[in-house]
Amino acid sequence: MTAPTDFIRADIQAMTAYHVADLPEGFIKLDAMESPYHPFARSPELANAWKDLLAAAPIHLYPNPAASGLQEALRQAFDIPAAAQIALGNGSDELIQFITLLLSKPGATVLGVEPSFVMYKHNTALFGMNYVGMPLNDDFTLNLPAVLAAIEQHNPALTFIAYPNNPTGVCFKREEVETIIRAAKGIVVVDEAYGAFSHDSFLPLAGSVDNLVVMRTVSKIGFAGIRIGYASGSPAVINELAKILPPYNMNQLSLATAKFAMQHVEVINETVLKLKAERERVFAELAKIGAVKAFPSEANFITVRVPDAAVLFDTLKQNKILIKKLHGMHPLLEQCVRLTIGAPEENDAVLAVMRKLYC
């Protein structure tokens with residue numbers, strides 16, 4: 001007998017849904033690269049102004065992202081070049097999905113490095129494209145000759161480079177990424193989801209390099225809950241992307257919050273600097289634990305190889321701390337975990353458990 005699910009694509013039925021971990025009450029959450037700080041909590045004046053703004057938001061009307069003023073606010077806050085067009089997405093996840101859809105001709109190839117953000121490969125499969133993943137070196141740096149050979153062989157319509165990379169935290173050499181952009185005939189997305197925590201950015205080139213799209217998000221800088229990402233690139237590409245983005249893909253409250261935040265970007269910058277300093281402190285403390293290897297990070301997390309990732313994950317969970325276990329996701333991530341940088345007391349709680357296990 002035919003069931004309704006028989007009409008669903010077999011390849012989708014074979015997929016596994018992206019798992020979002022539950023947050024039990026009283027747990028420290030260091031598994032998803034969220035900021036530990038509410039962006040307006042330290043300023044009652046800002047918090048009240050934000051609440052008044054939300055109360056006045058026209059939630060009875062459909063949003064018009066193009067006329068929201070958020071693009072210009074982002075341009076001013078992050079010095080996005082005038083030559084670049086800006087597309088807004090419901091998180092950068094939506095932009096990854098629709099950029100992939102934009103290039104999903106039969107037989108087209110998407111190129112990525114591995115391990116990297118899982119949604120690049122997921123969306124490639126969703127739209128029936130070919131995926132080519134090139135392994136990183138053992139230290140999570142780019143194997144540039146292999147990537148260039150793959151570009152020559154497969155002529156990818158789309159190449160994803162996370163800069164810095166997730167889940168490793170390593171920021172590839174700029175000149176190597178530039179070489180990839182020059183070598184590729186198709187579009188290269190430089191995904192700077194963690195760019196605020198890095199020493200470098202390709203954002204100044206957005207709009208002046210025809211095949212470059214630079215993607216960012218406000219999620220990692222304190223606004224994960226409002227789900228806003230943005231892509232900057234040449235008008236020729238971004239105007240085509242605009243044709244397939246849903247017309248009401250943002251909501252009034254998120255648009256108002258993001259625009260308000262960009263007008264007070266100094267608050268965001270202060271938090272970013274605090275988290276970068278804390279990242280360096282945690283990295284230095286991890287270096288004192290001889291049984292573990294922490295990889296240099298330019299994101300708001302640190303990837304660590306430990307003697308037994310499952311034991312550490314379970315022990316931290318018993319101590320009401322959630323982290324991300326990477327072991328099993330890719331051979332290069334053997335016995336690795338990812339630690340989001342939290343508030344100092346949260347990071348100290350993680351370090352205390354690790355010292356007890358390994359020192």
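**Ground rules.** Because this is a predicted model, I took local features only at pLDDT of at least 70 and side-chain atom pairs only at pLDDT 80 or more, while totals for chains, interfaces and linings use all residues. Residues are numbered from 1 along each chain as its sequence is written, and side-chain values use heavy atoms, with hydrogens and water left out.

**Helix pair.** I looked up how H2 and H9 pack. Helices (H or I, at least four residues) and strands (E, at least two) are DSSP runs, numbered from the N terminus. H2 covers residues 44-56 and H9 covers residues 252-262; their axes are 10 Å apart and the angle is about 145°. The axes are lines fitted to C-alpha atoms over the stretch in contact, and angles run from 0 to 180 degrees between N-to-C directions. I noted the crossing as right-handed, a term for the near helix being turned clockwise from the far one by less than a right angle. For contacts (heavy atoms within 4.5 Å), I listed Leu 46, Ala 49, Trp 50, Leu 53 and Leu 54 on the H2 side. Their partners in H9 are Leu 253, Ala 256, Thr 257 and Phe 260.

**Cis peptide bonds.** I found a cis bond from Tyr 163 to Pro 164, with omega near 0°. A cis bond also runs from Asn 166 to Pro 167, with omega near 25°. Pro 164 sits in the loop between strand E5 (158-162) and helix H7 (174-183), and Pro 167 is in the loop between E5 and H7 as well.

**Positive phi.** Most residues other than glycine have a negative phi, and most peptide bonds are trans. I noted Asp 79, whose phi is near 55°, in the loop between helix H3 (70-78) and strand E2 (85-89). Asp 79 is exposed at 64% relative accessibility; the classes are buried under 20%, exposed over 50% and partly exposed in between, with a 1.4 Å probe and protein chains only. Arg 227 has phi near 55° and lies between strands E7 (212-217) and E8 (229-233). At 30%, Arg 227 is partly exposed.

**Surface patch.** Which residues form a nonpolar patch on the surface? I wrote down Tyr 18, Val 20, Val 118 and Met 329, with about 410 Å² of accessible area together (Shrake-Rupley method, 1.4 Å probe). Patch residues have over 30% relative accessible area and no salt bridge (a Lys or Arg side-chain nitrogen within 4 Å of an Asp or Glu carboxyl oxygen), and nonpolar side chains are joined within 5 Å. Met 329 is partly exposed at 42%, in the loop between strands E12 (324-325) and E13 (336-340).

Note on methods. Patch = residues over 30% accessible without salt bridge, like charges linked within 9 Å, V, L, I, M, F, W, Y side chains within 5 Å.
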